[in-house]
Amino acid sequence: MNALTVRDLTKTYPGFKLDGVSFTVGQGRIVGLIGANGAGKSTTLKGILRLISATGEVSVYGKDMRAEEFAAKQLIGYAGGGFRFYPMKRLDAIRKAYAAFFPAWDQEKYERYLARFDLSEEKRGKELSDGMKVKFAVALAVSHGAKLLIMDEPTSGLDPLSREEFCDHILGLVRNEGISVLFSTHITSDLMRIADDVVYLSRGKVLADCPLEQLLSRYRVVRFGARGQAEAARAIGIKAVKNGYEGLLERGNAVPDGASAEDATLDSVMIHLEIAGREGEKCGN
Amino acid sequence: MRQLIKKEIALCVHPTGYIFLSFALLTFVPNYPYEMIFFFSCLSVFFCCLTARENGDVAFTCALPVKKRLVPIARILTMSGFQCVLLVLTGAVGAIKGAAVPAEMYLNYAGLSANIALLGNAAIVLGTFNLVFFAGYYKNPEKVGIPFVAGGALVVLLIGIFIVLRWTVPFFMQTLNGLNSENAPFKALWLLIGLTVYAVLTAAACKISANRFEKTDI
């Protein structure tokens with residue numbers, strides 16, 4: 001059974017449409033939801049949590065979010081981008097209010113996390129750094145027995161050291177407690193560190209939904225001397241670079257004479273697929 | 001629902017929610033439109049919702065394991081609890097005043113005396129505010145001001161109407177005015193009517209707010 005199944009999630013705003021987003025998060029997997037700003041990452045997470053009135057089906061460990069909202073949400077730990085809530089309240093007041101909603105709340109576990117994160121409950125939300133806010137959100141999220149952790153750009157605004165620490169904690173959670181993770185980000189280095197799978201959104205549509213390695217191994221970045229050469233090779237997402245043109249070629253395609261190829265990075269895949277605006281790139285489909 | 005109401009009290013209720021309860025003591029002020037006490041109660045509801053917005057309360061609450069439609073109902077019931085406490089306090093302080101001061105001093109020349117019929121007026125005022133404010137607020141919880149202006153204006157208008165009635169209609173001028181012991185059945189009946197109106201309007205506010213909030217994007 002998948003930790004999370006999203007089917008045909010659709011939401012229309014003026015000027016933007018989240019268009020039939022479907023993907024799954026397997027048990028014990030870390031899935032990165034990636035895409036450019038405005039691609040629909042936060043909208044997707046809000047749709048999953050029913051913060052917005054989107055259509056489509058969402059289930060958590062087989063529990064339908066619409067029909068069994070209470071039971072499904074018990075399995076989810078949600079951490080938004082940091083912890084922006086109640087800045088004037090002490091953390092213990094927030095924790096008390098929060099914990100009351102979860103019968104499986106584990107106070108000892110929570111206190112262990114506070115100690116590990118060097119957090120004091122006597123502090124107020126406004127007194128926490130961005131990194132501390134993320135840690136507090138994670139401590140809350142994992143202390144109620146959540147099996148699926150959903151995070152919206154948790155590392156955004158953190159310094160490299162804090163990001164590294166955060167990634168270590170997430171890896172620890174997955175390895176030691178079997179938690180599944182879905183997190184949105186546009187910081188690809190974090191994904192490269194910890195993600196098993198990626199769901200790549202572009203303009204409200206899923207462009208790729210596959211293991212990270214599979215996405216990377218599918219393409220090469222090829223530099224061409226002229227645009228015509230790149231077009232003739234049917235390169236994806238052609239763009240001008242310092243000494244010519246650059247695009248993605250699928251591994252099976254031959255690299256033309258005079259062009260140079262190198263392994264694709266997640267950044268380069270995102271950039272060229274974004275440029276191409278290409279649909280039907282779902283690997284595995 | 002119990003947990004949601006506890007959360008409201010712990011994290012969302014603005015200090016004015018408690019402070020304005022003490023305004024029941026304003027019934028000791030001679031010749032004052034005592035219905036205004038309840039306007040302050042409406043103001044504290046506005047402050048609570050404003051503070052909740054600034055604290056990101058809606059997003060926090062909706063991510064909890066609760067049904068989305070229960071979120072506005074918990075807020076309304078919490079605020080309704082404060083309103084009911086204020087009604088009781090005002091009634092109690094008014095009764096104390098009735099026992100403590102001479103009858104001629106108890107008579108109010110600005111509106112109704114601080115008797116149980118006043119509570120009927122107050123209940124109608126609060127119920128009307130609940131319906132207009134919460135139904136508007138939960139259409140878009142990001143916009144607190146417009147629903148409050150609409151609800152507050154209606155409250156002031158209603159208070160004005162009650163004052164006019166006090167001076168023009170004998171039923172309000174004589175029967176409902178004065179000590180609780182005078183024309184007690186009529187005063188009790190007016191209180192009952194007020195409480196019924198309050199219950200119906202607040203229940204309607206809950207239903208409309210829940211339906212609207214369920215369609216709201218956060």
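In the predicted model, Y137(B) lies in helix α7 of chain B, which spans residues 116–137. Its relative accessibility is 1%, so Y137(B) counts as buried. Beyond its neighbours within four places in sequence, Y137(B) is in contact with C49(B), R75(B), K143(B), V144(B) and P147(B). Y137(B) and F213(B) are 76 residues apart in sequence. In space, their C-alpha atoms are 9.0 Å apart.

One of the contacts of Y137(B) is R75(B). R75(B) is placed in helix α5 of chain B, residues 70–100. This arginine is also buried, because its relative accessibility is 2% and the cut-off for buried is under 20%. The side chain of R75(B) is joined to that of E8(B) by a polar contact of 2.5 Å. With neighbours within four places in sequence left aside, the contacts of R75(B) are E8(B), C12(B), C49(B), A52(B), D57(B), F134(B), Y137(B) and Y138(B). C49(B) is in contact with R75(B), and C49(B) is in contact with Y137(B) as well.

Chain B also carries a nonpolar surface patch. L25(B), F28(B) and I96(B) make this patch, which is about 300 Å². F28(B) sits in the loop between α2 (15–19) and α3 (36–54) of chain B. The relative accessible area of F28(B) is 39%, so this phenylalanine is partly exposed.

The interface between the two chains was examined next. Chain B and chain A bury about 2200 Å² between them. Of this area, 64% is on carbon and sulfur atoms. In chain B, the residues that lose the most area to chain A are L11(B), F60(B) and P65(B). Together they account for 29% of what that side buries. The contact takes 24 residues from chain B and 26 residues from chain A.

Polar pairing across the interface comprises 11 residue pairs in polar contact, both residues being at pLDDT 80 or more. On the side of chain B that touches chain A, α1 (2–12) and α4 (57–62) each supply at least two residues. The largest share of that side comes from α1(B), with 6 residues.

The count of salt bridges between chain B and chain A is 1. The side chains of K11(A) and D217(B) meet in a salt bridge, with an N to O distance of 2.7 Å. K11(A) belongs to strand β1 of chain A, residues 4–13. K11(A) is buried, because its relative accessible area is 9%. The side chain of K11(A) makes a polar contact with the side chain of D217(B) at 2.7 Å. Within chain A, a polar contact of 3.3 Å links the side chain of K11(A) to that of S53(A). Leaving aside neighbours within four places in sequence, the residues in contact with K11(A) are F16(A), K17(A), L18(A), T43(A), I52(A), S53(A), A54(A) and D217(B).

Backbone geometry in chain A was then considered. Most residues other than glycine have a negative phi. E153(A) is not a glycine, yet has a positive phi of about 45°. E153(A) is found in the loop between β7 (148–152) and α6 (160–177) of chain A. Its relative accessibility is 18%, so E153(A) counts as buried. R203(A) is not a glycine either, and its phi is positive at about 50°. The loop that holds R203(A) runs between β9 (197–202) and β10 (205–211) of chain A. R203(A) counts as partly exposed, because its relative accessibility is 49% and the cut-off for exposed is over 50%.

A positive phi is also found after helix α10 of chain A. G277(A) follows α10(A), and its phi is positive, near 55°. The helix itself covers residues 266–276 of chain A. Its buried residues are L266(A), S268(A), V269(A), M270(A), H272(A), L273(A) and E274(A).

Methods:
Residues numbered from 1 in each chain as written. Chains lettered and ligands numbered in written order. Predicted model: local features only at pLDDT ≥ 70, side-chain atom pairs only at ≥ 80, totals over all residues. Heavy atoms only, no water. Patch = residues over 30% accessible without salt bridge, like charges linked within 9 Å, V, L, I, M, F, W, Y side chains within 5 Å. Areas by Shrake-Rupley, 256 points an atom, 1.4 Å probe, with all protein chains shown as cover. Salt bridge = Lys/Arg side-chain N within 4 Å of Asp/Glu carboxyl O. Helix = DSSP H or I, 4+ residues; strand = E, 2+ residues; numbered from the N terminus. Buried < 20%, exposed > 50% of the residue type's maximum accessible area, 1.4 Å probe, protein only. Contact = heavy atoms within 4.5 Å. Buried area = accessible area lost by both parts, 1.4 Å probe. Polar contact = N/O pair within 3.5 Å; in protein donor to acceptor, adjacent residues only side chain to side chain.
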